[in-house]
Amino acid sequence: MYVGRDMTELSMTSKTDWKDAELAYFHHSLQQVAPYLNEERTSMHREIIKEIEARGGMKRDEADWTHGTEVKYD
């Protein structure tokens, strides 16, 4: 379960100030409902994707004993 700032607070915050977990969670959430998004939310999803790409993506380079290769947002 996601524990963090909600979309209301984050929508008033620059994407560069979002945490990786917030970007990952809301990207996944918006991706799941993409066919049903209005223009405003589609635009927000694109901004999230651009910020993820600007940070070099969400994949970890290597797994280790305590971390997998994907960013977890829970």
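This is a short walk through one predicted model, from the whole chain down to single residues.

Let me start with the overall picture. The chain has 74 residues, and 23% of them are buried. Its secondary structure comes to three helices and zero strands. Reading along the sequence, you get the pattern α-α-α. Now look at how the chain meets itself. Take the contacts with a separation of 6 or more: 47% of them join residues 24 or more positions apart.

A word on confidence. The mean pLDDT of the chain is 87. Of its residues, 80% reach 70 or more. Where pLDDT is low, the predicted coordinates should not be read in detail. Among the helices, H2 has a mean of 92 and H3 has 95.

Next, helix H3. It runs over residues 39-54, which is 16 residues. From first C-alpha to last it reaches 22 Å, close to the 22 Å expected at 1.5 Å a residue.

What happens at its ends? At the N-terminal end, Asn38 is the cap. A side-chain oxygen of Asn38 sits 3.2 Å from the backbone nitrogen of Glu40. Just after H3 comes Gly56, with a positive phi of about 95 degrees.

Which residues of H3 are buried? They are Met44, His45, Ile48, Glu51 and Ile52. Seen down the axis, the buried residues of H3 fall within an arc of 120 degrees, so they line one face of the helix. On the other side of H3, Glu39, Lys50, Glu53 and Ala54 are exposed. And what covers the buried residues? The cover includes helix H1, residues 7-10, and helix H2, residues 20-32.

Two residues on H3 deserve a stop. Take Ile48, which lies in this helix. Its relative accessibility is 0%, so Ile48 counts as buried. Leave out residues up to four places away in sequence, and Ile48 touches Lys15, Trp18, Leu23, Phe26, His27 and Leu30. Pick Trp18 from that list. Ile48 and Trp18 are 30 residues apart along the chain, yet their C-alpha atoms are separated by 9.4 Å.

The second stop is Glu51, also in helix H3. Here the relative accessibility is 12%, and the cut-off for buried is under 20%. Therefore Glu51 counts as buried. Setting aside neighbours within four places in sequence, Glu51 is in contact with Lys15, Thr16 and Leu23.

Last topic: the aromatic rings. How many aromatic pairs does the structure hold? It holds two.

Phe26 has 9% and is buried.

Key:
Residues numbered from 1 in each chain as written. Heavy atoms only, no water. Phe/Tyr/Trp six-rings, centres within 6.5 Å; stacked < 30°, edge-to-face > 60°. Buried < 20%, exposed > 50% of the residue type's maximum accessible area, 1.4 Å probe, protein only. Helix = DSSP H or I, 4+ residues; strand = E, 2+ residues; numbered from the N terminus. Expected span 1.5 Å × (residues − 1). Arc of directions from axis to C-beta. Contact = heavy atoms within 4.5 Å. Polar contact = N/O pair within 3.5 Å; in protein donor to acceptor, adjacent residues only side chain to side chain. pLDDT = per-residue confidence, 0-100.
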